[in-house]
Amino acid sequence: MYNECEEEENNLSMQAISEIEEQFISVDAECYQNKSADSGKINSLISEIQLQKNTYLKEPSLLSRLTAFEGLLEQLNGKTKKAQDALEQTKKYSSNDIYVILLETRLIKSEEERTARLEELLAADSDNAMLLLEKGKLLFDAGKYKDTVAVIDNALISFDRDEKAAIRAIGSSMPLFNL
């Protein structure tokens, strides 16, 4: 009976985390597009994440993902120290979650080092849509539009393959998709 209850709680948490993921992608895209953060939206989502973390959630991989979202949002809000603290906290749970990797990558200050890290990660997982999207953003910001198109096309194909239609729709509204 205990295992069934725990499994049901994890399923509800997974659903909530999926909703948080979509909200994060939306806020992230909006911040990228507008070059500024909506602190109200970010703080509201951080509160929702903290609420989820304070439930009976025990699954380390789920805690890791929520903590990574929290760190990514803090980074968007300009709170690098809180983002770094979140990254350290994720290491208690699991460091191979894509959003933990994304947080780690975004906290690299040098664009050269960030690009090199993304290349290293993509060498190991060339179809990872989130990493491809991040690389596309860096290429776009560097004015490498031809390269951006190829990388973003691959990201969109990966989002479709992974059945992440909502994330694809949010991401495709970004200016770099209109090249």
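Which residues does Gln52 touch, not counting residues up to four places away in sequence? They are Ser13, Ala16, Ile20, Leu57 and Leu66. Before going on, note that this is a predicted model.

Gln52 is found in helix 2. Is Gln52 buried or exposed? Its relative accessible area is 17%, and the cut-off for buried is under 20%, so Gln52 counts as buried. One of its contacts, Leu66, lies 14 residues away along the chain. The C-alpha atoms of Gln52 and Leu66 are 8.0 Å apart.

Next, the nonpolar core. The largest one has 44 residues, and the members that touch the most others are Phe24, Leu73 and Tyr99. Helix 3 gives the largest share, 8 residues. As background, nonpolar side chains in soluble globular proteins tend to be buried together.

Take Phe24 by itself. Setting aside neighbours within four places in sequence, Phe24 is in contact with Leu45, Phe69, Leu72, Leu73, Leu76, Tyr99 and Arg106. Leu73 and Tyr99 are therefore on that list as well as among the core members with the most contacts to other members.

Last, a residue in a loop. Lys35 sits between helix 1 and helix 2. Most residues other than glycine have a negative phi. Lys35 has 57% relative accessibility, so this residue counts as exposed.

Key. Residues are numbered from 1 along each chain as its sequence is written. This is a predicted model: local features need pLDDT of at least 70, side-chain atom pairs count only at pLDDT 80 or more; totals for chains, interfaces and linings use all residues. Side-chain values use heavy atoms; hydrogens and water are left out. A nonpolar core is a set of buried Ala, Val, Leu, Ile, Met, Phe, Trp, Tyr and Cys residues joined through side-chain atoms within 4.5 Å. Buried means under 20% relative accessible area, exposed over 50%, partly exposed in between (1.4 Å probe, protein chains only). Helices (H or I, at least four residues) and strands (E, at least two) are DSSP runs, numbered from the N terminus. Contact means heavy atoms within 4.5 Å.
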